[in-house]
Amino acid sequence: MADDALIRRLGGELFNRAVRRVPDDTVHALRQAMERERTETARKTLAMQLRSAELAAERNAFVCSDNGIPVYFVRLGSESPIRADFKAALKAGYEALVENVQPPFLPHVTNPLTRERSHTGKGVPIVTFDQEGGVDWVEIVCSPKALGSGRWAALELFTFPSIAEIEAYVLDVAIRAGGQHCPPVAVGVGIGGTFDYAAKMAKEATLRPLGTPHTDPEVAAMEDRLTRAINALGYGPMGTGGDTTTLGVHVEWCAGHGFTPVAVAFNCWINRRSRVRIHPGGDVEWIE
Amino acid sequence: MSREIDLQLPLGRADLAGLQLGDRVFLTGEIVSSAGLPTYERLVRELSEGIAPPVALQGGCIFHLGSALEARDGGWHLHYINPTTSTRFDALMPALIEGFDLLLTGGKGGLSPESARALARTGGVYLSFPGGGAPILTDAVEAVVEVAWPEMVSHYRIVRLRVKRLGPLTVGIDARGNSLFAQIDTVAKGRRDEILAALAQSRG
């Protein structure tokens, strides 16, 4: 279709950008954490993390050796004239990047049935869609995801839970992850909806820039107290102790039935994410 | 107050006995590493069958680090290294630690109490690497000395690297089996009720 070439190019660029830089909001949050930390080990670890982010930016190098699997979130504006076979184009863009990128990516895409590893596989990249009414742009977010933080996500189904039960569950998932997920992490929580949609909300909540509380003051207050609760656990940067286990908890919710799924997802400290908007005529705006 | 300590490899037990949890260590010398679960499974299997490992491990070290290697000009070029999650190897580490009398291991996130007990028996230490520290860690690598099991994908291979001041690495499990991770986890779990009470108070 008309815009396939553009989407293919952006598919490669989005992934390549996400693995070579720590987003600005995350660098800022790490610096703020440095000022709050009371222990020397934690401050030194945060300083190392900031230095790694700085070196990766200076050299356009990978921050981590595990660049994860490619995940794209496409948000189609109802008034956007952009027309593309998005899934095929993003896949082609990612695969072209794998072919040409220097230094090469390690093969981390895994066949779950055979444990064989490659750079691509069935259903990869993972591309999901949503629509935004009344706007004329298309937004694509790329969030490469790996085992380090990915394996600690969790979901539980409750029936008519109290807020206290929901918050206790989030805390218990944080305790189970401990310091394993390369903290300080971004935490996303999805409450309500259905089994699949709660997980999607939790994941999307991790993509919201840090320092951007929920627009509903009551939800923002929940985010703030859950952030303080998780940090009070003391796991700290890289799990070797400290005041900063999370850089922020983001909550999204949706009405559902009496069964209430609660999903919790984590992004490690490098909080990989890139975001682009495509305006009418194919004008490209890099948001992050 | 934690300390910064430079260690020259190969090490003896005496070099490790004085290390305290939270000390920051820089390593200079030769290290062995692999990030492959099939690699560790094969090492344990061959150890039980009496087959010698492809890279000398006795009394040495193995770290949970993956290497991006490329065959070039008859040798190996290293693009980057980075740690992987150590607990993935928990079921295999006690056999490896005791089987090879390992004095050093490490990766990110710590190891289980069983692995810590195995380290206490060998007088070995676990070092916590910074995850997402590829640029810093890779800068410390001077040379690729040896690559075993090259038929495996890059990060699964067993690699011997010569490093200079690799670090800072945090002492996560000391030579007596004390684990910083276990201590922190116990404290966190002990705080759970108090934190839930604070949450309730904050909700009003």
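Helices here are DSSP runs of H or I with at least four residues, and strands are runs of E with at least two, both numbered from the N terminus. This is a predicted model: local features need pLDDT of at least 70, side-chain atom pairs count only at pLDDT 80 or more, and totals for chains, interfaces and linings use all residues. Residues are numbered from 1 along each chain as its sequence is written, and chains are lettered from A in the order in which they are written.

**Chain B, residues 3-183.** Select this stretch first. It is 24% helix and 37% strand, with its end C-alpha atoms 19 Å apart. An unreviewed UniProt entry annotates it as "domain: Fe-S hydro-lyase tartrate dehydratase beta-type catalytic". Such annotations may be inferred rather than shown by experiment.

**Chain A, two domains.** Colour domain 1 (4-20 + 62-144 + 272-286) and domain 2 (147-267) of chain A separately; the bounds come from an automatic or database domain assignment. Their centres, taken over C-alpha atoms, are 25 Å apart.

**Helix α1(A).** Now select residues 4-18 of chain A. The expected span of a helix is 1.5 Å times one less than its number of residues. For the 15 residues of α1(A) that gives 21 Å, and the end C-alpha atoms are 21 Å apart, so the two agree. Its buried residues (20 or more other C-beta atoms within 10 Å of their own, C-beta atoms being placed from the backbone) include Ile7(A), Leu10(A), Leu14(A) and Phe15(A). Among the elements covering them are α4 (86-100) and β5 (138-142) of chain A.

**The largest nonpolar core.** A nonpolar core joins buried Ala, Val, Leu, Ile, Met, Phe, Trp, Tyr and Cys residues through C-beta atoms within 7 Å. This one has 132 residues; Val63(A), Val170(A), Val189(A), Ala202(A) and Val125(B) touch the most other members. Strand β9 (residues 158-173) of chain B gives the largest share, 8 residues. Domains 1 and 2 of chain A both contribute, so the core lies between them.

Contact means C-beta atoms, placed from the backbone, within 7 Å. Show the 47 residues of chain A in contact with 46 of chain B. On the chain A side, α3(A) gives the most, 11 residues.

**Tyr235(A).** Finish in the loop between α8 and β8 (246-254) of chain A. Is Tyr235(A) buried or exposed? Tyr235(A) counts as buried because it has 30 C-beta neighbours inside 10 Å. Beyond four places in sequence, its contacts include Gly178(A), Pro183(A), Ile184(B) and Ala188(B).

Definitions and conventions: Buried ≥ 20, exposed ≤ 12 C-beta atoms within 10 Å, placed from the backbone. Contact = placed C-beta atoms within 7 Å.
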